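I opened my notebook to look a few things up in this structure. Here is what I wrote down as I went.

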Amino acid sequence: MTDKFPFSYFSTWINPQKMFTNRKKLSWGQMILTLVFSFSLILLTVPVYYARQSSVNLGMFMPKVNRMLKNQDLQKTIHQTPYHDGTFDFKGEKVIENSSNGIIGINIPSNLEKNYRNGIFLSDQEVVLKENGTTSTIRFMKDINPSKGNFYSKISQTWFRINRMGVTFSTMYMLGAIVLFTNLIFLFIGAFFLWLTRKSSFTTIATFKEACAIFDYVIGPSCFITAIIGFFKFDISMIMMVETLMAVVYLLMIYGKTHFNDEYVANQFMIQE
């Protein structure tokens, strides 16, 4: 049963020698299928990570608004304004900040809001965050009191609760694009250089497909190990670094066990016998 796909593919993960000797067994379709599976493992780290989070760094999505939310005068105004059952009791219009970052205002008329590309516009029941002309309206929630504690953290928490799905999918898209691009470059460029050795007596790799299969075997366990680490510690730069490191380690293990040469493998087998 382990000789049949996909069991034969997974069984090679613990045997670098088989990653080389089984290189002729994978079809192009199977390689595509296993690559998609490997990439999916890494993408799963994103929803797992965000499922554990209660807030997010707004600076990743709205850097100018993020800076304005930390305004001390804004914090002071929020703490001094009566708040009850999801509603503030702001009195009249007020501009807290008007700088190159944008404007922070209370009860600013909507016709004046249009004049600003960046801003924070507060009213009794909601706050409008505007970054480069794009607005995000956040209604104050009864279970998250923005008047107590740090206003920035409360707005970040509320915004993330509303936009959790969008944040998750946008991060998955970004990570997926990075992983797909780097792995395809790694696979095809690496396979190309390995294929160039076909006329050498030092290796017995005959076709470009065989070279791609070796790199496909390498990417699988590299993505699996990276995903396991990513489930516990999610960081995009760390994920890419770990996957690259694991891929290099597996390639070195394959070379150490086979020298990319079937005769070398056969000789090693005879010596062990």
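**Entry 1: one threonine.** Which residues does T158 touch, not counting residues up to four places away in sequence? I looked it up, keeping in mind that this is a predicted model. I found that T158 touches I138, R139, M141 and I144. T158 itself is found in helix α8. Is T158 buried or exposed? I noted a relative accessible area of 4%, and because buried means under 20%, T158 counts as buried.

**Entry 2: the sheet.** Next I traced the strands. Five of them form an open sheet in the order β3-β4-β5-β6-β7, and the pairing is mixed. I saw that β3 and β7 stand at the edges with a single partner strand each, so one side of each has no neighbour in the sheet. From one strand to the next, the twist averages 10 degrees.

I then checked two of the pairings. Strands β3 (residues 94–98) and β4 (residues 103–106) run antiparallel and are joined by four bridges. In this pair, E97 stands opposite I104 in β4. The hairpin of β3 and β4 has four residues between the strands, and G102 takes a positive phi near 150 degrees there. Strand β6 (residues 126–131) also runs antiparallel to β7, with six bridges joining the two. Here I marked K130, which stands opposite T135 in β7.

**Entry 3: helices on the sheet.** Which strands does helix α6 touch? I found that α6 (residues 72–80) packs on the sheet and touches β3, β4 and β5, its direction making about 160 degrees with that of β3.

**Entry 4: two helices together.** I followed α8 (residues 151–195) to its contact with helix α9 (residues 208–232). They pack at an angle of about 135 degrees, and their axes are 8 Å apart. The two are therefore oblique to each other. I also noted that α8 passes α9 in a right-handed crossing. On the α8 side I listed residues including F186, L187 and W195, which meet a set in α9 that includes F208, F215 and I219. By class, this contact has 14 nonpolar, two polar and one charged residues.

**Entry 5: one isoleucine.** Last, I picked I228, which lies in α9. At 37% relative accessibility, I228 counts as partly exposed. I also checked I228 against M172, 56 residues apart along the chain, and their C-alpha atoms are separated by 16 Å.

How values were computed
Residues are numbered from 1 along each chain as its sequence is written. This is a predicted model: local features need pLDDT of at least 70, side-chain atom pairs count only at pLDDT 80 or more; totals for chains, interfaces and linings use all residues. Side-chain values use heavy atoms; hydrogens and water are left out. Axes are lines fitted to C-alpha atoms, for helices over the stretch in contact, and angles run from 0 to 180 degrees between N-to-C directions. Angles under 35 degrees count as roughly parallel, over 145 as roughly antiparallel, 65 to 115 as roughly perpendicular and the rest as oblique. A crossing is left-handed if the near helix is turned anticlockwise from the far one by less than a right angle, and right-handed if clockwise. Contact means heavy atoms within 4.5 Å. Ala, Val, Leu, Ile, Met, Phe, Trp, Tyr, Cys and Pro count as nonpolar, Asp, Glu, Lys and Arg as charged, and the others, Gly among them, as polar. Buried means under 20% relative accessible area, exposed over 50%, partly exposed in between (1.4 Å probe, protein chains only). Two strands pair if DSSP finds at least two bridges between them.
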